[in-house]
There are 2 protein chains.
Amino acid sequence: MKTVKGFASATVGNVACGFDVLGFAITEPGDEVILTLSDRAHTDSPVSISAITGDGGALPLDPKKNTSSFVVLKFLEYIRAHKQIDFTGHISLELRKHLPLSSGMGSSAASAAAALIAANELMGLPCSKMELVHFAIEGERVACGSAHADNAAPAILGNFVLIRSYTPLDLITIPSPEHLYCSLVHPHTELRTAYARSVLPQEISLKTATQQWGNVGALVTGLLTSDYDLIGRSLVDVIAEPKRAPLIPGFFEVKQAALDSGALGCSIAGSGPSIFAFSSSEKTALAVGNAMKEAFLHSKAHLQSDMWVSPICKEGARIL
Amino acid sequence: MKTVKGFASATVGNVACGFDVLGFAITEPGDEVILTLSDRAHTDSPVSISAITGDGGALPLDPKKNTSSFVVLKFLEYIRAHKQIDFTGHISLELRKHLPLSSGMGSSAASAAAALIAANELMGLPCSKMELVHFAIEGERVACGSAHADNAAPAILGNFVLIRSYTPLDLITIPSPEHLYCSLVHPHTELRTAYARSVLPQEISLKTATQQWGNVGALVTGLLTSDYDLIGRSLVDVIAEPKRAPLIPGFFEVKQAALDSGALGCSIAGSGPSIFAFSSSEKTALAVGNAMKEAFLHSKAHLQSDMWVSPICKEGARIL
């Protein structure tokens with residue numbers, strides 16, 4: 001019997017202009033996955049789920065359908081085929097969810113990343129973190145039907161991660177400016193990723209697209225040169241935000257409150273309903289987060305919300 | 001009588017994925033503009049054109065229609081309105097063109113930039129280079145009907161210039177990696193900017209657009225971190241190049257020749273017909289340029305061409 005506890009934190013994908021190509025990790029909150037290895041082979045599956053807490057009973061216990069166990073199964077298949085590790089024992093998985101589901105905070109990616117970092121440790125570190133990202137992305141397909149990487153990659157790798165290409169997968173890690181803080185506010189309402197995706201146009205004008213990639217280039221420049229003002233000016237999304245904002249009650253009031261409180265910029269986290277803002281100090285980020293929380297409460301929908309203030313996570317998924 | 005000679009070099013706009021948002025300047029070739037100031041006021045216009053050489057008689061001599069004189073007129077209007085400099089004398093302008101017209105090498109922008117840097121010197125440097133960029137962009141409207149900045153801005157400022165936004169104009173200068181060299185090949189054929197623009201789609205798929213901005217983010221990262229391999233991987237244009245390549249006889253052979261000779265990447269310069277390639281040493285860039293020139297010659301169209309190898313220009317327009 002050997003037990004390992006993995007941890008991976010919340011991530012924000014679709015970072016404004018960086019729709020589908022840019023995500024980042026914060027330091028908290030995060031999901032924990034406890035894996036217990038036994039030599040005794042199980043009859044039906046090498047991985048079983050012993051317990052899930054914090055999900056309100058929403059997540060499946062079938063190891064092939066639950067994201068965190070599914071990615072461990074994929075990982076085991078891979079190390080059998082490519083690392084000459086023929087695992088014949090059994091892994092019991094306990095998932096402790098601290099991230100809300102369908103929140104835009106990379107909940108499924110955090111569970112997958114925590115499970116993978118623990119499984120890799122359990123097996124003697126056969127894979128690099130970059131290899132683990134592939135399984136975490138496969139987990140996203142199980143969780144939400146689309147194998148996107150903008151949560152999965154930063155959940156494993158930390159920092160900002162830019163997805164240059166999916167075929168082949170080409171991920172570029174961008175370190176965060178030292179004083180960049182994220183205020184993340186999760187209103188108590190759900191917005192399904194599939195629905196949030198369905199409101200997006202299939203076609204966009206070349207002119208609009210050009211605006212978006214001008215901002216992507218500028219945002220990356222701002223991050224790499226610690227130009228906080230430029231980061232703020234570049235946090236513009238002319239594609240997804242205009243379509244998705246109406247799906248989030250109070251979005252415009254919350255964004256305005258963030259900017260009025262000194263945020264560099266503010267946009268939808270992932271496909272929502274959570275909203276993130278960047279600030280150039282922890283103190284400002286705290287004021288910004290509180291103002292956003294207040295704005296949700298005083299908007300027409302009177303939404304309660306949870307709020308976190310965090311720097312960008314440098315290390316990604318880790319063993320606790 | 002006071003005489004000043006300004007110089008500005010060729011520039012490449014639409015840098016692969018950076019369609020309409022990214023341009024850079026090379027060190028040669030360039031256009032020269034000689035301005036001669038006299039106190040005697042002219043009856044009809046404060047600026048007249050005394051001579052143009054190197055254009056084969058193609059450029060207008062009317063100071064309101066010629067880009068180089070037009071931008072000087074705009075500059076004089078601006079310093080009258082905003083710098084309290086009421087110029088009552090006369091400027092005689094001589095334009096020495098060394099850049100081919102309609103070549104994709106930023107010919108009009110070079111003439112405008114050379115004229116502006118000289119005019120600013122002549123008037124005692126009332127404007128910053130960033131202010132001068134505005135007039136150079138206005139010059140592009142006169143030259144080709146579209147006030148684009150991706151040649152005008154690097155012609156004045158040097159380096160790579162990213163255009164985050166036009167309204168308001170937000171330009172970000174990105175210095176070049178030390179060992180980045182450009183091979184620029186101009187085949188002896190013309191391609192009108194307006195025609196090259198007419199073949200572009202008005203609408204593009206969101207999926208394609210996302211690929212493009214992933215590459216923009218990665219290219220900027222490569223430039224800022226001197227990651228030559230990443231620069232090469234990111235020099236991908238899934239929007240304009242597929243539509244414009246067929247307008248340039250021999251494009252595919254020339255691009256393949258560049259890549260086979262060790263270029264990091266290769267794409268259309270501006271709207272063509274010139275083609276540029278990046279290499280990570282001067283020696284490779286020379287071999288690449290020669291291979292591209294050969295490929296044009298041996299393609300079906302048997303095109304003669306001119307070729308330049310140059311590092312990225314750091315200083316932009318300057319006084320000679």
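Gly104(A) is in contact (heavy atoms within 4.5 Å) with Thr11(A), Ala269(A), Gly270(A) and Gly272(A), leaving aside its neighbours within four places in sequence. This is a predicted model: local features need pLDDT of at least 70, side-chain atom pairs count only at pLDDT 80 or more, and totals for chains, interfaces and linings use all residues. Residues are numbered from 1 along each chain as its sequence is written, chains are lettered from A and ligands numbered from 1 in the order written, and side-chain values use heavy atoms, without hydrogens or water.

**The annotated loop**

Gly104(A) sits in the loop between β4 (90–96) and α2 (107–122) of chain A. Met105(A) lies in the loop between β4 and α2 too. Helices (H or I, at least four residues) and strands (E, at least two) are DSSP runs, numbered from the N terminus. Buried means under 20% relative accessible area, exposed over 50%, partly exposed in between (1.4 Å probe, protein chains only).

| Residue | Relative accessibility | Class |
|---|---|---|
| Gly104(A) | 14% | buried |
| Met105(A) | 0% | buried |

Beyond four places in sequence, Met105(A) is in contact with residues including Ala10(A), Pro29(A), Leu184(A), His186(A) and Trp308(A). An unreviewed UniProt entry annotates a "binding site" whose residues include Pro100(A), Gly104(A), Met105(A) and Ala110(A). UniProt positions follow the numbering used here, feature names are shortened, and annotations may be inferred rather than shown by experiment.

**Helix α1**

Helix α1 (residues 67–82) of chain A has 16 residues. From first C-alpha to last, α1 reaches 22 Å, close to the 22 Å expected at 1.5 Å a residue. That expected span is 1.5 Å times one less than the number of residues. Buried residues of α1(A) include Phe70(A), Leu73(A), Phe75(A) and Ile79(A). Their cover includes β2 (22–38), β3 (47–53), β4, α2 and α3 (129–144) of chain A. Gln84(A) follows α1(A), with a positive phi near 55°.

Chain A is divided into domain 1 (2–175) and domain 2 (181–311), with bounds from an automatic or database domain assignment. The contact takes 26 residues from domain 1 and 36 residues from domain 2 of chain A. Their C-alpha centres lie 25 Å apart. The two domains bury about 2,500 Å² between them, 70% of it on carbon and sulfur atoms. Buried area is the accessible area (1.4 Å probe) that two parts lose on being put together, summed over both.

Across this interface the rule finds one salt bridge. A salt bridge needs a side-chain nitrogen of Lys or Arg within 4 Å of a carboxyl oxygen of Asp or Glu. The side chains of Arg197(A) and Asp20(A) meet in a salt bridge at 2.8 Å, N to O.
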